[in-house]
Amino acid sequence: MTWSPDSWRQKTVGQDVAYPDAEALARALARISALPPLVTSWEVEALKDKLADAARGEAFLLQGGDCAESFDDCTSDSIAVKLKILLQMSLVLVHGTRKPVIRLGRIAGQYAKPRSADTETRGEVTLPSYRGDLVNRSPFTEEDRTPDPELLLKGYQHAGMTLNFIRALADSGFADLHHPEYWNIDFARPSKYWEQYRQLVENIRDSISFMEAISGSDSRGAQRVDVYTSHEALSLNYELAQTREVPHRRGWYNLTTHFPWIGMRTCQVDGAHVEYCRGIRNPLGIKIGPGMSAEWLGELLEVLHPDNEPGRLVLIHRFGAGKIADQLPKAIEAVRAAGKQVVWCADPMHGNTETTAEGIKTRRFDRILDELEQAFDIHAEMGSVLGGVHIELTGENVTECTGGSSGVEDADLHRAYKSKVDPRLNYEQALEISMRIAARIRGQSAQG
Ligand code: PEP
Ligand code: CO
């Protein structure tokens, strides 16, 4: 079947949304189509080049951010704090790995969520599930839960506003390594990991001034950073509205984001999401979980990665701490058998979600760390490279995941639980995990 930007319409659309007013939907999409792109093909290709380095173990991918962004969080503080934690973590990782770190936010467009049930029932009332701010609203009323096409346009606008602020911060001095104190977070408490971080920052500052003194010039490379965006390409109507050909390049680009990914619930080989993604030139992620067989993965590689283009495909594995030892080796073998090169990226969050006795969704820091440790071990044992991590986190002081040095316990979960969907690591937990990863990679290369 030949591909076109809307050939996916011939396929089964997983997680489809029933918009009651088709004309309003068409109007909103036409407006998005007419608006300028949020990212450029140059940036998209630059990210692909860097991902090719990560596939070879010459760079490390840090993909992180909210499970679901909300429009209400499109504020100066909220965006700045997300950027701060990404920058802090990437600094820790650069220091630990001695490799370039690719900063890829789940940000500026992570507004659509797959749900395991189409409806939600409370008491006598059944309404459509909340599917993210791009689709409907979370309050439990019929009006709020009815899919509203205007939200697609709002999603584009909020992604644009978020990205505008990120770009300005990343370019204009905020990200300057000469001043890592700009990234400090007001509420950071004295703790083992905070102290370690401060020490590391001092060392880096020292090294930079040493290099500048020796070379007699300033380290221009240290004054700005690249930050890329990613989101789950779930709402294909939205993605399609900004899928374009660009002058001087071959093929079609999704210009709502640098890096779309296919979620685990929509990665059927003959489904609409795979059909859409196979035809775009962006680098892509696929989430792979316990239900995916070697044959299935082999078929996905054939469809989504036929040319084995360097940097094209990131396999984000999320098996869970209890299943990774059984599942990951089979996936590595399948990729090898297909003769493909991919970036392997560990998502230690989505296979480790549990519900407390009080019915609160949480994740335990120990399980998250355990899955990560196993991922490093298995890749190393099999002569493969773990090229990155994918983490749900926030720079805020929330209590959504338990454990780690932050000491959040089940009883604290109600205190500052803000996520409308999955639980995220809070600031301290995120910093701690980056230190653990850095220590792990450093240990590995010291042995190697
Ligand atoms: C997610 O990344 O928020 C998500 C829904 O993940 P998965 O598709 O891996 O379940
Ligand atoms: Co999630």
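**Close-up views of a predicted model**

**View 1. Helix 1 against helix 5.** In this predicted model, the axes of helix 1 (residues 22–34) and helix 5 (residues 150–171) come within 8 Å and cross at roughly 20°. Because angles under 35 degrees count as roughly parallel, helix 1 and helix 5 are described as roughly parallel to each other, and their crossing is right-handed. On the helix 1 side the contact is made by Leu-25, Leu-29, Arg-31 and Ile-32, which meet Glu-150, Leu-152, Leu-153 and Tyr-156 of helix 5. Sorted by class, this contact between helix 1 and helix 5 holds six nonpolar and two charged residues, with no polar ones.

View 2. The largest nonpolar core has 114 residues, and the members that touch the most others are Trp-344, Leu-425, Ile-433 and Ile-437. Helix 3 (residues 76–97) supplies the largest share of this core, eleven residues. When neighbours within four places in sequence are left aside, Ile-437 is in contact with Phe-60, Leu-93, Leu-372, Phe-376, Val-389 and Ile-391. Another core, of 15 residues, lies apart from the largest one, and its members include Ala-55, Leu-104, Phe-259 and Ile-316. In soluble globular proteins, nonpolar side chains tend to be buried together.

**View 3. Ser-209 in helix 6.** Ser-209 is placed in helix 6 (residues 192–215). Its relative accessibility is 43%, so Ser-209 counts as partly exposed. Ser-209 and Asp-49 are 160 residues apart along the chain, and their C-alpha atoms are separated by 30 Å.

Methods: Residues are numbered from 1 along each chain as its sequence is written. Chains are lettered from A and ligands numbered from 1 in the order in which they are written. This is a predicted model: local features need pLDDT of at least 70, side-chain atom pairs count only at pLDDT 80 or more; totals for chains, interfaces and linings use all residues. Side-chain values use heavy atoms; hydrogens and water are left out. Helices (H or I, at least four residues) and strands (E, at least two) are DSSP runs, numbered from the N terminus. Buried means under 20% relative accessible area, exposed over 50%, partly exposed in between (1.4 Å probe, protein chains only). Axes are lines fitted to C-alpha atoms, for helices over the stretch in contact, and angles run from 0 to 180 degrees between N-to-C directions. Angles under 35 degrees count as roughly parallel, over 145 as roughly antiparallel, 65 to 115 as roughly perpendicular and the rest as oblique. A crossing is left-handed if the near helix is turned anticlockwise from the far one by less than a right angle, and right-handed if clockwise. Contact means heavy atoms within 4.5 Å. Ala, Val, Leu, Ile, Met, Phe, Trp, Tyr, Cys and Pro count as nonpolar, Asp, Glu, Lys and Arg as charged, and the others, Gly among them, as polar. A nonpolar core is a set of buried Ala, Val, Leu, Ile, Met, Phe, Trp, Tyr and Cys residues joined through side-chain atoms within 4.5 Å.
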